[in-house]
Amino acid sequence: MILQGARHPPHRRLFVALIVTKVITASILLALGFSHVSDDDFARIVIAQTFATRPTLDPSGTSWLPFPFWVAGATFMAVGRSLAVAKALSIAQSAVAWCVLFRAIGRDHLRAWPAWMACMIAMCLPWNVWLGATLVPEGFVGPLLAAAMILGATPNGLAAALLVICTLSRYESWPVALALASFWFVRGVRARNLRWACFALLALLGPLAWATWNQHAHGDALHFFARVSRYRQSLHLAPLALAERIAVYPSAVVSVMGPFACVGLGAVPALAIVETRKLWRVPLALALIQLVTLIAGELADGAPTHHPERAVLAFVIVLIAAGVSGWVSLFTTFTKRRSLRQMFFVGAAAALAIYGGAWIIHEIHEFPGRGESDTRQVQLSRGRSLVRTERYRVTPCSYEHFALIAAFGRPEQVAIDTPSLRTPPTAACPKLVRLSAGE
């Protein structure tokens, strides 16, 4: 197998090229006016800004997992709480995560160039570009969780550590951690390998720690699931037929991949060819477990509330990596004439690059947060213009006030009056009053 089973570290220049591409795509996106996917993005920044002045174990006090706030809050402590710092941190986190994924794929599964191409395709998908340019956990959890799946065939400390980060950042990583920990534990018991059993326990550290905290803080180890379910039900979302609910996450996968779904189809030969089957059966099985769990969560009102695309990024990344491996194996195994093989491979790749590149450019321009009621440019501008030594009271229309507070950078100087009725925000929202010294 010419391009499989690499035990050579990827070339440093490819790491640099990956980072440079990440920075350039994020910078272009920000220059186009992108600022957020939803108001939750700014709410997360505000929580991290608060953590920088008052650190706590559970910064949000909600169902949101704590690791992203620990990292962002610590960064704000060190270099300031501005939105510029938040943007730089989001890009840096995402760039590091993609480098970790590149190293994971290049360790055993693909040689450097195919591994790099797999990472480039996945990293440039519009949803990964958007989420990697704002301070939300999906920007780094997607590639890190995919890396843990890809490394998971044999128990190891790196995959276990990645799972700790992911499970303390996003809930869709939990079924992967549980499945992989069970697999490792069984292998450790059969091999009488205590180290492997310890890796299995480490992989479950995040869920166990969070459940323990919820039992202590709320009297219910699964308080967070109940909270998410109640919130979903309070939204009174339009009812969907059973088939539509089952299709939510598979449809999200197709939406995220776009024309690059044809790359993912290469996962079929990756499982069919003996030499690559042993490399990809565990990662693809874990990805499938995650997808099935998300579908089950949707049916039980326990899945993420907004943007199902955000929850399937790791699945998509694993599918693309396995797909690249499968297509490479297919061409090198079954095409005997070298010139014909190269001509077909180069032609197909060029066609996909042209069409896929055009699709990416078009889709990236259609980023979230552009609608009349979704844009927050006015609130951001108002927040930046506030006097840093003053205190304010805000009365929001909906959740647009988080953009203003995040731009202000001093949430401890803002009191929030919860409106009795939430309405679609306008440019005049939120209502802002300067507080006197005695208030």
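**Close-up views of a predicted model**

Of the 439 residues in the protein, 51% are buried (under 20% relative accessible area with a 1.4 Å probe, protein chains only; exposed is over 50%, and partly exposed is in between). This is a predicted model, in which local features need pLDDT of at least 70 and side-chain atom pairs count only at pLDDT 80 or more, while totals for chains, interfaces and linings use all residues. Residues are numbered from 1 along each chain as its sequence is written, and side-chain values use heavy atoms, with hydrogens and water left out.

**View 1. The protein has 21 helices and 3 strands.** Helices (H or I, at least four residues) and strands (E, at least two) are DSSP runs, numbered from the N terminus. Among contacts in the protein with a separation of 6 or more, 78% join residues 24 or more positions apart; contact means heavy atoms within 4.5 Å.

**View 2. Helix 4 (residues 83-108) packs with helix 5 (residues 112-123).** The angle is about 145° and the axes are 9 Å apart (axes are lines fitted to C-alpha atoms, for helices over the stretch in contact, and angles run from 0 to 180 degrees between N-to-C directions). The crossing is right-handed, a term used if the near helix is turned clockwise from the far one by less than a right angle, with anticlockwise being left-handed. Trp98, Leu101, Phe102, Ile105 and Gly106 in helix 4 touch a set in helix 5 made up of Ala112, Ala115, Trp116, Cys119, Ala122 and Met123.

**View 3. Phe67 forms aromatic pairs with Trp70 and with Phe140.** The whole structure holds 13 aromatic pairs. Rings of Phe, Tyr and Trp (its six-membered ring) pair if their centres lie within 6.5 Å; planes under 30 degrees apart count as stacked, over 60 as edge-to-face and the rest as tilted. Phe67 and Trp70 are edge-to-face, 6.5 Å centre to centre with 70° between the planes. These two residues are 3 residues apart in helix 3 (residues 67-79), so about one helical turn separates them. Trp70 is partly exposed at 27% relative accessible area. Phe67 and Phe140 are also edge-to-face, with 6.4 Å between centres and 65° between the planes. This pair links distant parts of the chain, 73 residues apart, as Phe140 lies in helix 7 (residues 138-151). Phe140 is buried, with a relative accessible area of 5%.

**View 4. Arg44 lies over the face of Trp64.** The distance to the ring centre is 4.3 Å. A charge sits over a ring if NZ of Lys or CZ of Arg is within 6 Å of the ring centre and within 35 degrees of the ring normal. The charged end of Arg370 sits over the ring of Phe367, at 5.4 Å from its centre.

**View 5. Ala153 lies in the loop between helix 7 and helix 8 (157-167).** Ala153 is partly exposed, at 24% relative accessibility. Leaving out residues up to four places away in sequence, Ala153 touches Phe183, Arg187 and Val282. The C-alpha atoms of Ala153 and Trp184 are 8.5 Å apart, and 31 residues separate the two along the chain.

**View 6. Arg192 has a positive phi of about 55° although it is not a glycine.** Arg192 is found in the loop between helix 9 (174-191) and helix 10 (194-203). Arg192 is exposed, at 80% relative accessible area.
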